[in-house]
Amino acid sequence: MCDTLKYRQLVSNDHRKSFGQFFTHKRVAQFMVEWVLHSGVKELYDPAFGLGAFRPNDPNIRFSASEIDQRVIDFYRENYCQDISFLTNEDYLYSWNRSHTNIVCNPPYMRFQKFLNRDVVFKDFERRLNLSLSGYTNTASAFLLKSLSELNGKGRLSYIMPLEFLNTGYGTFIKQKLLEKGHLIAIISLECEKEIFPDATTSVGILLYDCEVKSPEVRFYSLKSIKELDDFEYQDPVSVITINNLDPKEKWLPYFNSSSVVFDQKKTIKLEYYGRFSRGIATGANDFFVLSKSKAINLGLSPTEYTPCITRSPQITRPIVYDEDITDCLNSDKPILLFSANGSPSEAAKQYVKLGESLGFNERFLTKHRKPWYKTETRTPAPLLLGVFSRGGYKIVRNKSNALNLTCYHGFQPNLFGIQYIDHLFLYFFSEVGRNIISLSMRTYGDSLDKFEPNDLNTASVPSPDFFDSFTSEEIAFGMKYVSEFWVLPKEFELKFKPLIKSPQEGLHSVPSPSFSLSY
Ligand SMILES: C[S@@+](CC[C@H](N)C(=O)[O-])C[C@H]1O[C@@H](n2cnc3c(N)ncnc32)[C@H](O)[C@@H]1O
């Protein structure tokens, strides 16, 4: 096992990034290797060797590895070990017909956008393994699926990788594969390990998979420091979920969080049942498209050539927004208008477009691909808005105004069925209970910055129509009036939403005493 500092000093960041070279912490590597070798078979394979974090010192272990990057191999040979006969310089994703007893790996992590030739790789997966991968699958997940298919059934596998697949759509298939044979023993979330996967949006963790065990349950651990691996056998899992209760389509990251709320799935459905959130309007050049009232007047634009539009999150200062609020912003000359000369432009609009072109706004990434470049998307005002980024709780707004919104907010458009439930949904999103449940779908970035993607919201859980119908229309009207006046929800509403959350005894997953030895 070598010190990676010298290599990191010698080789550029770009080179390391292009091969997904992040090196495993010594203690973590040791833990994984020991766990895998506990299968009893003295054989080990690493499909992504790097600088050999997983190469055991014990000469009695038959070790083999693959590595694509000649540079890292040369460095390893020159600095650490002349005999590298155990190592094959190859692209693991193109090397087929292998079988291994024990596999240990820290796979290269590249998001699907940077996954070169992924179409070719995915075709191979389909042809050889009959696995049809989502286009969003990243390199690490492809490595994992390939390794699972190469296990000969007599040993163990351990992978360290970002755990975002546990919460994403493309991950459903991977979870299915991990569960399929009942060999997934545990997943350990390393809250401390984020630094080795700077691109990962969620925690990094270790998968423990044992082909010789048929486990009725999967254990979810969360470790706050690498040191906790020293006495791992004494650590309690945060939750232990029986295979029957583990749905690959559900998000699994909440299982690492002991304070995570558990909601009653019988009383909830996905938000997309009522309608959908989508991104706000992306202009591609806010400097050009966003106007204040005085600017629009000075330009001589006709009032049909601009429309009220929330262009920045702080322009909304209360939970329910009316046309009067937008008028107030206009009167204080805030930039709350969107240039939208979408019909045949007036002379003044043509002049403004020309000015925009002289300043190069038509050459921006988005504008360049629009015809004509100054025509923005046609939308109707969204009755619910949700702040894209938040710290310490999201911003939900009931938009009763005629204002559109830019990308600072996601906008909800109900379907025909959902129209009647807009206020219900707003009150739910606004409630403590709603915040707890909706936040389970949130992605947390560094510095506790939370972010929602529209699809996270569309698949978040909200009350079923039956549940909402237990509110009378008078109650809903009262709730809306109360929030409008006091900016908080009436206590009665919080109480009415409470049954959506199961009590800890009923909802949190109990931790039975270990039924088999997890570690040694
Ligand atoms: C995350 S690093 C892990 C290195 C080492 N095993 C460790 O844990 O410190 C992944 C390694 O896989 C190599 N790699 C990237 N793509 C590969 C591929 N398609 N086939 C084989 N190796 C690859 C990278 O060059 C890099 O050295």
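Author: The model is a predicted one, and its domain assignment gives domain 1 (5–256) and domain 2 (275–342 + 376–503). The C-alpha centres of domain 1 and domain 2 lie 41 Å apart, within a C-alpha trace that spans about 80 × 60 × 40 Å along its principal axes. The secondary structure comprises 19 helices and 23 strands. As for confidence, the mean pLDDT of the protein is 89, with 92% of its residues at 70 or more.

Is Tyr92 buried or exposed? Tyr92 counts as buried because 25 other C-beta atoms lie within 10 Å of its own, where 20 or more are required. In the protein, buried residues make up 40% of the 520 residues.

Which residues does Tyr92 touch beyond its neighbours within four places in sequence? Its contacts there are Pro47, Ala48, Ser66 and Phe143. A further distance concerns Ala142: 50 residues separate Tyr92 and Ala142 in sequence, while their C-alpha atoms are 10 Å apart in space. For the protein in general, 75% of the contacts with a separation of 6 or more join residues 24 or more positions apart.

Ala48, a contact of Tyr92, is among the residues closest to the ligand, together with Phe19, Thr24, Gly50 and Asn106. In total, 23 residues surround the ligand, and by class this shell has 13 nonpolar, 6 polar and 4 charged residues.

The wider packing of the protein may be described next. In soluble globular proteins, nonpolar side chains tend to be buried together. The largest nonpolar core here has 66 residues, and Met32, Val33, Val36 and Val104 have the most contacts inside it. Helix H3 (residues 26–37) supplies the largest share of this core, namely 8 residues. Met32 itself, its neighbours within four places in sequence left aside, is in contact with Phe54, Val104, Ser158, Ile160 and Ile206. There is also a second, separate core of 60 residues, including Ala285, Ile320, Trp373 and Tyr374.

Methods
Residues are numbered from 1 along each chain as its sequence is written. Helices (H or I, at least four residues) and strands (E, at least two) are DSSP runs, numbered from the N terminus. A residue is buried if 20 or more other C-beta atoms lie within 10 Å of its own, exposed if 12 or fewer, and partly exposed in between; C-beta atoms are placed from the backbone. Two residues are in contact if their C-beta atoms, placed from the backbone, lie within 7 Å. A residue is near a molecule or strand if its C-beta atom, placed from the backbone, lies within 6 Å of it. Ala, Val, Leu, Ile, Met, Phe, Trp, Tyr, Cys and Pro count as nonpolar, Asp, Glu, Lys and Arg as charged, and the others, Gly among them, as polar. pLDDT is the predictor's confidence in each residue, from 0 to 100. Domain bounds come from an automatic or database domain assignment. A nonpolar core is a set of buried Ala, Val, Leu, Ile, Met, Phe, Trp, Tyr and Cys residues joined through C-beta atoms within 7 Å.
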